There are 2 protein chains.
Amino acid sequence: MDLQSTPQGVVAGSIPLFAGHPAHELLPISTVRRLVDSMWSQPDVVRLFNYGDEQGNRQLIEYLAARLQRSENLPVCRENLMIIGGSTWGVEMISHHLTGPGDTILVDAPSYRDALHIFRDAKLDVQPISIDAGGVNVAEMERRLRDLASVQRPPKFYYVVPNFQNPTGITLKRERRQAIVDLSKEYGFDIVEDDVYRDIRFVDDLPPSFYALSGGEKVLRLGTFSKTLAPGLRIGWLIGPAETVKRFVSSGMLRMGGGANPFTAAIVADFCSSGRWEGHVAWLRNQYKLRRDCALAALEAAMPSSTRWTRPEGGYFIWLRLPENVTVDELERGAKAENVYFASGKGFFVDPEDGAHHVRLSFSYVPLEDLQSGIAILGRLIKQLEGR
Amino acid sequence: MDLQSTPQGVVAGSIPLFAGHPAHELLPISTVRRLVDSMWSQPDVVRLFNYGDEQGNRQLIEYLAARLQRSENLPVCRENLMIIGGSTWGVEMISHHLTGPGDTILVDAPSYRDALHIFRDAKLDVQPISIDAGGVNVAEMERRLRDLASVQRPPKFYYVVPNFQNPTGITLKRERRQAIVDLSKEYGFDIVEDDVYRDIRFVDDLPPSFYALSGGEKVLRLGTFSKTLAPGLRIGWLIGPAETVKRFVSSGMLRMGGGANPFTAAIVADFCSSGRWEGHVAWLRNQYKLRRDCALAALEAAMPSSTRWTRPEGGYFIWLRLPENVTVDELERGAKAENVYFASGKGFFVDPEDGAHHVRLSFSYVPLEDLQSGIAILGRLIKQLEGR
């Protein structure tokens with residue numbers, strides 16, 4: 001089994017419930033093949049091969065502006081958009097251009113592990129705010145903002161995955177979003193809205209985005225094709241105030257290398273402009289919903305009553321709270337012995353001990369039967385550990 | 001004329017002598033097409049579509065390690081190599097991970113404009129050292145190192161394009177490289193060797209790289225497929241000490257997004273592993289040499305004797321020194337009126353005024369007849385300005 005065709009660190013024959021990857025069978029390989037086949041005869045095929053516009057593929061920018069206007073009635077023009085190499089690029093770029101070492105930022109607790117890693121790399125002072133089933137605790141955020149203001153350390157931004165959060169699957173409630181927009185204006189911080197799971201929703205409606213609620217002010221919103229098309233293409237987008245987009249677009253990195261990968265951006269642009277994206281995503285939502293349902297049913301069947309979990313309305317992840325006397329380290333050791341792997345809750349907190357009783361399960365990647373048997377194994381192990 | 005199929009800011013019908021892009025007809029489009037056609041039936045085609053190894057495409061790493069061992073007898077193992085999204089990624093990553101705001105670095109004067117831009121974005125204290133026909137002035141570097149040591153501001157690294165430098169086309173002499181390696185050990189700074197033009201050489205031999213001279217210690221060397229295959233694929237590599245490579249590979253950015261673009265890295269890996277790269281590069285060298293020869297002949301025919309220029313033995317660029325009484329701003333205005341565009345020398349210096357009489361001409365991009373007529377126009381303008 002080639003490591004490159006599987007997530008990092010997957011042991012052959014194992015059940016990788018940690019993998020926040022799309023399942024292989026959900027990747028639109030044959031459609032991409034047909035699109036690429038037809039690209040060779042395009043008169044401007046050379047654009048796939050040379051340096052591209054720093055702002056990114058123009059066709060894709062036009063498509064995204066139209067889609068955001070149509071689907072969310074957002075006031076997004078070309079000047080508010082740029083194409084990036086996956087939402088990763090956005091988080092990295094924002095960290096380096098809008099902050100300096102020692103600057104304070106706010107995050108959810110728990111929050112997306114790899115974003116925390118980027119913030120640590122940028123030497124930021126990362127302040128966690130607890131979350132509950134409705135998302136971040138706004139009263140706690142307000143207290144923290146007051147405290148930080150009193151010591152002249154106002155945060156530069158609040159980083160959040162607002163929909164079907166990684167790792168919990170929780171969606172931030174509308175009224176809390178509005179309250180945070182108000183706080184951002186009062187305390188002068190930006191909101192970095194990493195909205196990578198928006199399109200993988202199992203419900204019809206989502207609360208309006210921060211970008212929508214704020215009218216586009218002081219919000220940077222990230223999107224990606226990694227979840228709806230393929231991570232390997234490394235294409236996403238950023239929307240934000242025109243002056244911030246301009247600042248990123250005129251950075252040294254984009255001047256030097258041009259915009260996000262011209263070759264794969266052209267593939268994504270053709271996928272979208274040909275009208276295929278919408279149908280593909282409708283199909284994907286059903287596929288992931290089936291997986292979510294299967295995981296929830298397996299949890300219901302396998303877990304002791306002392307274990308709690310979220311019921312996400314979209315995205316890739318379910319978050320488990322283990323019984324008080326069971327630690328994630330113990331469960332991890334037991335699971336490893338049975339070839340089942342999950343993401344320990346400890347990675348998603350600034351203080352790892354806060355996640356000592358938590359588990360992130362991904363239902364996006366493994367086949368349905370592995371999802372069921374993996375969860376059954378975890379349930380049995382938790383019962384054993386609990387009953388010691 | 002679509003902007004995306006041409007370099008940034010090209011005016012239709014103009015002669016863009018500023019463009020450091022490969023000419024369209026030198027891009028291996030039909031070969032890439034054949035390679036991509038054959039990828040769809042590979043059993044592991046899914047690797048093009050999902051997240052890749054943080055270190056990058058494994059097949060490409062193996063190929064590069066073997067090539068570097070074979071062609072330069074370099075002691076490079078897998079642990080010393082990673083795939084990056086063009087050498088741009090390398091410069092950006094090195095700036096952010098090996099320095100902090102206010103740190104000092106050394107660069108050539110003139111130096112590559114967009115790298116200077118990245119260093120400014122990272123808020124570094126960029127100290128220029130003058131160069132002559134043999135590259136950087138080592139005695140001046142040593143004086144600067146002593147001065148910086150005396151104020152406790154030792155540089156973190158020296159950034160250099162050692163072969164066919166951008167913008168001058170100058171190659172750094174072997175004995176100077178050795179002297180700089182010795183200085184790097186004495187004063188404790190790293191050498192960042194941005195060796196992007198190495199493979200576009202018109203001579204058989206190059207001086208050994210810093211990496212070779214130092215035995216791989218304290219040197220980070222960047223390479224790219226942008227010049228030998230296609231910039232649009234956005235694939236390059238970094239070689240360095242194993243612990244530094246490990247640090248980059250385990251950074252938040254690579255954890256979050258996986259390694260450099262899996263889709264285009266697989267294309268490059270197949271291009272190289274199938275043995276096609278060597279033949280393509282041999283052909284390219286002849287093509288670029290022809291362009292260089294044409295540019296030099298045109299300069300000889302068109303320029304007044306008061307104008308000087310370099311005679312690069314590889315790469316993309318020729319560097320002109322204008323007569324004392326002619327400024328690059330005046331020439332730029334005149335050239336623009338005749339639809340000829342070049343890179344002003346001012347962008348390549350920390351203090352732009354140091355480049356007030358210099359011009360960078362690129363011979364890589366425009367057709368031969370435009371190269372000749374563009375240079376003829378510049379020659380006529382310089383004579384007119386000189387004779388005022």
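Good morning. Please note at the outset that the model before you is predicted.

I begin with chain A. Its open sheet has 8 strands with mixed pairing, and their order is E2-E9-E8-E7-E6-E3-E4-E5. At the edges stand E2, residues 81–84, and E5, residues 135–136; each has a single partner strand, so one side of each is left without a neighbour in the sheet. As a general point, strands of a sheet pair through backbone hydrogen bonds, in either the parallel or the antiparallel sense.

Consider one pair within this sheet. Strand E7 of chain A, residues 190–194, and strand E8 of chain A, residues 219–224, are paired in the parallel sense over 4 bridges. Within E8(A), Arg221(A) is the bridge partner of Glu193(A).

Helix H6 of chain A, residues 174–187, lies across E4, E5, E6 and E7 of chain A, and runs at about 145 degrees to E7(A).

I turn now to chain B and to Ser362(B), which lies in strand E14, residues 358–362. Is Ser362(B) buried or exposed? Ser362(B) has a relative accessible area of 2%, and since buried means under 20%, Ser362(B) is buried.

Which residues does Ser362(B) touch, leaving aside those up to four places away in sequence? They are Leu17(B), Phe18(B), Ala19(B), Gly20(B), Tyr316(B), Phe317(B) and Leu371(B). Gly20(B) is 342 residues from Ser362(B) along the chain, yet their C-alpha atoms are separated by 5.9 Å. Finally, the side chains of Ser362(B) and Ser364(B) make a polar contact at 3.0 Å.

Thank you for your attention.

Technical notes
Residues numbered from 1 in each chain as written. Chains lettered and ligands numbered in written order. Predicted model: local features only at pLDDT ≥ 70, side-chain atom pairs only at ≥ 80, totals over all residues. Heavy atoms only, no water. Pairing = 2+ DSSP bridges. Helix = DSSP H or I, 4+ residues; strand = E, 2+ residues; numbered from the N terminus. Contact = heavy atoms within 4.5 Å. Axes fitted to C-alpha atoms, helices over the stretch in contact; angles between N-to-C directions. Buried < 20%, exposed > 50% of the residue type's maximum accessible area, 1.4 Å probe, protein only. Polar contact = N/O pair within 3.5 Å; in protein donor to acceptor, adjacent residues only side chain to side chain.
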